[in-house]
Amino acid sequence: MKVLIVIQARMGSTRLPGKALLPLAGMPIVVLCARRAASRGRAVVVAIPENASDDVLAQVLADAGLNFIRGPSEDVLKRFVQATADLPAEALVVRLTADNVFPDGEFVDGLIEEFLKSGSQYFATRSPLDGLPYGMSAEVFRVESLRNSDREATAIHDREHVTPWIKRNVSVQYAIPALWIDRTLSHLRSTIDNLDDYGRLARVFSGVQDPVEIGWRGLCKRLEDMREVPFNRVPYKLIEEQVHSTMTLGTAQIGMAYGIANVEGMPTEQSAERIIKRAIDFGITSVDCARAYGHAERRLGNVLRQGFAGQISVITKLSPLDSSSATDPENALRAAVDASVFRSCFELAQPRLHTLLLHRWEHRTSHRGIIWNRLLELRSEGVIDKLGASVCTPEAAIEAISDPEIEHIQLPFNLLDWRWRRSAFWGRAEKRPGVIIHIRSALLQGLLVAPPEKWPKIPGVDATFIGRQLDDLCGRLGRESRLDLSLAYVRGHERVTSVVLGIDTVSQLSESVQLFQRPALSVAECDVVDDCVGQVKAALLDPSQWYRAA
C-alpha cells in the first residue's frame, strides 16, 4: 500500500515568523522534521506556499535534497491535493506540520498500523486525551477522503486546516492513552509555536549525537527530564470534541485591586505575566476577562503577543456601556458596541474574539435590540466566534439557556447560594449539553475563606457561626480547608464546565491547581452541604448589596 507523508510548512508564522528555517540540532527545523519523518524510508513531500516570501524555504528544501510542492498560501487543502495528485485513491496520507519535530518514522509506522487495525477512514493523535506531549501530532487518512474534501469543502476554515471536512464526514478514531507509552506525558509541550518553545527544544536536542535517528520516546524522555513544566495539570472535560480545563483563570485581580479578601492589591506587570504563563503551564485552557477589568485585557494581550495565543482561549465581556442610553440613535449604539469589541481585539492582540459575553444580561433585549443585533452581525462577519452572557440570577440564567444564540453562560454559584438549588436552570442546562457553563464567585469574592471580621455587616448574618459550619463540613467530608470544600462543592455539579478563579499570586495559583487534583464532592456530599448551610440572607449572596444592607 502506498503511503505519502505530507508536511505543511511556511515562512509566514504570525507567532514566530520564519520559524521553519530556525536552526535546530544543526539544521533548519523544516529539514529536521522531514528527515525524522522519513527515517524509516517512507516517502516525504513538504507542501509550502507559492508566495515570494517562501522562495527561500523552497531553496533550502532543494539544497537539502527534499521533495516539495508549492500551492495556494491560504488553501492548504489544495496543497495536499497537489502533493498526492499521482497517488491512487486508496493510498494513505500522513499529515504532519513542520513545527512538530518529535514524530519520526517509528511513530508514523505506529499510526499507520493503528489506522489499518481501526477500520476507520481517519485516525489521529488528540492532545491531551492521547497522553502524548502537545506537538506529537499526526493524522492518517486516504487520498480518496482528501479528494472528496477538496470537491465538497468551501469554508475557509475547512480549506485552511485540511481535515475538518474529513472528520465531519467519515468514520473517525483517535489514539488512546498509553497506546505506545506507560505514563501520561500530556503535561509536556514539544511543539515550536513561540520563542520559549524554540529555546526548550534547542535544549532537548543539545548534545544529541544523531538528531534524525534518535527515537521519539528518547526525545520525550529528555523533555520530561528537564522538568520545566509542572506535572500537576488541571483536569479537563471534553465537550463537543473540545477540551475545557475545569479551572479558568479569572483576570479581575490581574487588572485591578479586587475582592474582599485581597490583601496583595493589583499585581505588578511582571507578576501578572508570570501568573498567566504559569496558568498555561498548568494546562488551563481558558482565561476570563472583560473591558471593565481595568488593565486586564492589555496585560493578557502582552502575553498573547509573545506567542501564547494558540495555547489559551480568551473569554471577554462587552463594556457595560454605562454612557449609552436606550434612546440613543441606532448608529451611536452600534458604534458603542464596535468600540468595545474592537478595543478588546486591540488590547488582546487578536484579530477576532474567541468568546464574547454580555456583561449585563439586560443588553440582550434592551436598547431596542440594537446591541444584541450588532453582536450577531459581528459574529456573522467573523469578528466574534461565540456569543454568551454573564448573568447574576437564576431567572436570567434560565432566559439565557433558553436562547439558541447563547453558547456560553457565566453565573455566580457557591455553597451558600441556595437560590440555584431551587432553580429549574440545571434541568434546562441538561437539555443543551453543548453550552459552556462557567462559574464565578465560587468563593463569594473570597468571603468564604476570609475571617469573620472581613465579612460585611448584614443583619441576620452571623459570620462566626457560618464559618464554624464550614469548618465542621471540612472535617465531616475530609476536605483540607474551606477553599478545598468550596471548590469541590461547585465542581461536584456535573453540568459545570469550569470554575473561574481570580488569582493574586503564582503561589496562590499553585495551591488552587493542587486542590483541583482532589476529587469533587459527590452528589450525596453536595446534599450534605446543602442541608447543613440551609438558607442564608439573600443580601449576603449579592456583593452589590453588602454595604447597602448594613
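Q: Which residues are buried in helix α20 (residues 523-533)?
A: Buried means under 20% relative accessible area, exposed over 50%, and partly exposed in between, with a 1.4 Å probe and protein chains only. In α20, Cys-526, Val-529, Asp-530 and Val-533 are buried. Helices (H or I, at least four residues) and strands (E, at least two) are DSSP runs, numbered from the N terminus. This is a predicted model: local features need pLDDT of at least 70, side-chain atom pairs count only at pLDDT 80 or more, and totals for chains, interfaces and linings use all residues. Residues are numbered from 1 along each chain as its sequence is written, and side-chain values use heavy atoms, with hydrogens and water left out.

Q: Why do the buried residues of α20 line one face of the helix?
A: An α-helix has 3.6 residues a turn, so residues three or four places apart point the same way. The arc is that of the directions from the helix axis to the C-beta atoms. For α20, the buried residues fall within an arc of 100 degrees, so they line one face. On the other side, Ala-524 and Asp-531 are exposed.

Q: What do the buried residues of α20 pack against?
A: Contact means heavy atoms within 4.5 Å. By that test, the partners are α17 and α18. After α20 comes Gly-534, with a positive phi near 65 degrees.

Q: Which residues are buried in helix α19 (residues 506-516)?
A: Leu-509, Ser-512, Val-513, Leu-515 and Phe-516. Their arc around the axis is only 160 degrees, which puts them on the same side of α19. Their cover includes β12 (247-250), α11 (269-281), α18 (482-491) and β19 (498-502).

Q: How do I read the packing of α12 and α13?
A: Two packed helices are described by the angle between their axes and the distance between the axes. Axes are lines fitted to C-alpha atoms, for helices over the stretch in contact, and angles run from 0 to 180 degrees between N-to-C directions. Here α12 (residues 296-308) and α13 (residues 330-348) come within 7 Å and cross at roughly 45 degrees. That makes α12 oblique to α13. The classes are roughly parallel under 35 degrees, roughly antiparallel over 145, roughly perpendicular from 65 to 115, and oblique for the rest.

Q: Which residues of α12 and α13 meet?
A: From α12, they are Glu-297, Arg-298, Leu-300, Gly-301, Leu-304 and Arg-305. From α13, they are Arg-343, Ser-344, Phe-346, Glu-347 and Leu-348.

Q: How many disulfides are there?
A: A disulfide is a pair of cysteine sulfur atoms within 2.5 Å. The count is 0. For Cys-33, the nearest cysteine sulfur is that of Cys-220, 14 Å away. Cys-33 counts as buried, at 1% relative accessibility. For Cys-392, the nearest is that of Cys-289, 18 Å away.

Q: Where is the cis peptide bond at Pro-128?
A: The bond joins Ser-127 and Pro-128, with omega about 0 degrees. Pro-128 sits in the loop between β7 (122-124) and β8 (139-142).

Q: What is phi at His-367?
A: Near 55 degrees, a positive value in a residue other than glycine. His-367 lies in the loop between β15 (353-358) and α14 (370-380). Its relative accessibility is 11%, so His-367 counts as buried. Arg-368, also not a glycine, has a positive phi of about 60 degrees. Arg-368 is in the loop between β15 and α14.
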